[in-house]
Amino acid sequence: MGKTILPDARVMPRFAGLCTFCRYPRLEDVAPEQSPVDWAIYGVPFDGGVTYRPGARFGPRAIREASQYVKRYHVEHGVDVCDTLSIADAGDAPISPYSIPETIEAHRNFAREIGNAQSTRLLAVGGDHSIAYTNIQVAWERFGSPKKGLALIHFDSHLDTVDSVWGEKHGHASVFRRAIEDGIVTPDRMLSIGVKGPLNSGDDLKFAAANGVRVLSPDEFRREGVKAAADFLRREGGEPVYLTFDIDVVDPAFAPGTGTPSIGGFTSGEVLAALRLFKGANLVGADVVEVLPDRDVAGITSLLAAHVIFEILALDAARR
Ligand code: MN
Ligand code: MN
């Protein structure tokens, strides 16, 4: 549809007014000419799926706040995101802080209704990584085929393919195990970038290996990332692709505000460059998860997450 109307920063300064993602309009305020929107961004303030430190429920608020200084023109892609795409903030999904199953159901009902249009792509902001499952499912319902799952670009320090933890099958460590088992992600079209140890056991790698998931550690990505991304794009062509971004893929020196920090990750500059390699992918949904504002320093993790949102939107704007 094109065009996102932003408030004029010379009239309504970036530090004033109601806080939405990147100052995009609230979904209910989008003019008919800009509807249905191309992308709806929404928060999922839920962290009941974590195995370690909680606090990601405060992620959507902190990222909205940090995103006020995200501007509209992407220099590397040479594209004005707001001239190309119609984007809105759809608010926060209803969640149940004590219940993963109730949260999944409430979140799914909410996401299915967003934009009231099958053409609107959804970008979910966590929350812990468990919330990705539902957004992937709805993206698959909107853009996928009943016969096969979506391709997946996965940025994370962790594979998140554990069968269950404490008997829970939908925690943040099991997202892609479930998505693959349920057929909404095709494992041999999944690329996991930035995975690193130490692990509880070498067995943790077995599910991904047995199912053909391509896994690249940070060192491997530095060596082979350009080719791996090109191979991915060539293979997928215009097929629907989902992008999931766990902020802990970035080194805690650059993104300390997260619950399961992992040493030896990408710098913020490296990870933005890595994202830009996927220009041309037909992104049909995305998420940015695992920001814990209470562990953050000077808001740098939230600020990075806000720019990762912008990079994802810019990938789609650059494709059109
Ligand atoms: Mn994760
Ligand atoms: Mn992780």
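Because buried means under 20% relative accessible area and exposed means over 50%, a residue that falls in between is called partly exposed in the legends below. All views are taken from a predicted model.

**View 1. A salt bridge between two partly exposed side chains, K169 and D163.** The side chains of K169 and D163 meet in a salt bridge, with 3.3 Å from N to O. K169 has a relative accessibility of 39% and therefore counts as partly exposed, and D163, with a relative accessible area of 28%, is likewise partly exposed. These two residues also belong to a network in which salt bridges that share partners join D163, K169, R177, R178 and E181.

**View 2. The salt bridge of E224 with R214.** The closest N and O atoms of E224 and R214 are 3.1 Å apart in this salt bridge. The pair links distant parts of the chain, since E224 belongs to helix α7 (residues 218-236) and R214 to strand β8 (residues 214-216), the two residues being 10 residues apart. At 31% relative accessibility E224 counts as partly exposed, and R214 is partly exposed as well, with a relative accessible area of 34%.

View 3. Among the 27 salt bridges that the structure holds is the one between R64 and D89, whose closest N and O atoms are 2.8 Å apart. R64 lies in helix α1 (residues 59-66) and D89 in strand β4 (residues 87-92), so this pair ties together parts that are 25 residues apart in sequence. Both R64 and D89 are buried.

View 4. D156 lies in the loop between β6 (150-155) and α5 (175-181), whereas D246 lies in strand β9 (residues 240-246), so the pair ties together parts that are 90 residues apart in sequence. D156 and D246 are both buried. D156 also coordinates the manganese ion (ligand 2), which is 3.2 Å from the manganese ion (ligand 1).

**View 5. Helix α4 (residues 132-143) and its surroundings.** From its first C-alpha to its last, this helix of 12 residues reaches 16 Å, close to the 16 Å expected at 1.5 Å a residue. Because 10 of its 12 residues are buried, α4 is largely enclosed by the rest of the structure. The buried residues of α4 include A132, Y133, I136, V138 and F143, together with the polar N135, Q137 and R142.

Conventions
Residues numbered from 1 in each chain as written. Chains lettered and ligands numbered in written order. Predicted model: local features only at pLDDT ≥ 70, side-chain atom pairs only at ≥ 80, totals over all residues. Heavy atoms only, no water. Donors = N, O, S within 2.8 Å, 3.2 Å for Na, K, Ca; no water. Helix = DSSP H or I, 4+ residues; strand = E, 2+ residues; numbered from the N terminus. Buried < 20%, exposed > 50% of the residue type's maximum accessible area, 1.4 Å probe, protein only. Expected span 1.5 Å × (residues − 1). Salt bridge = Lys/Arg side-chain N within 4 Å of Asp/Glu carboxyl O.
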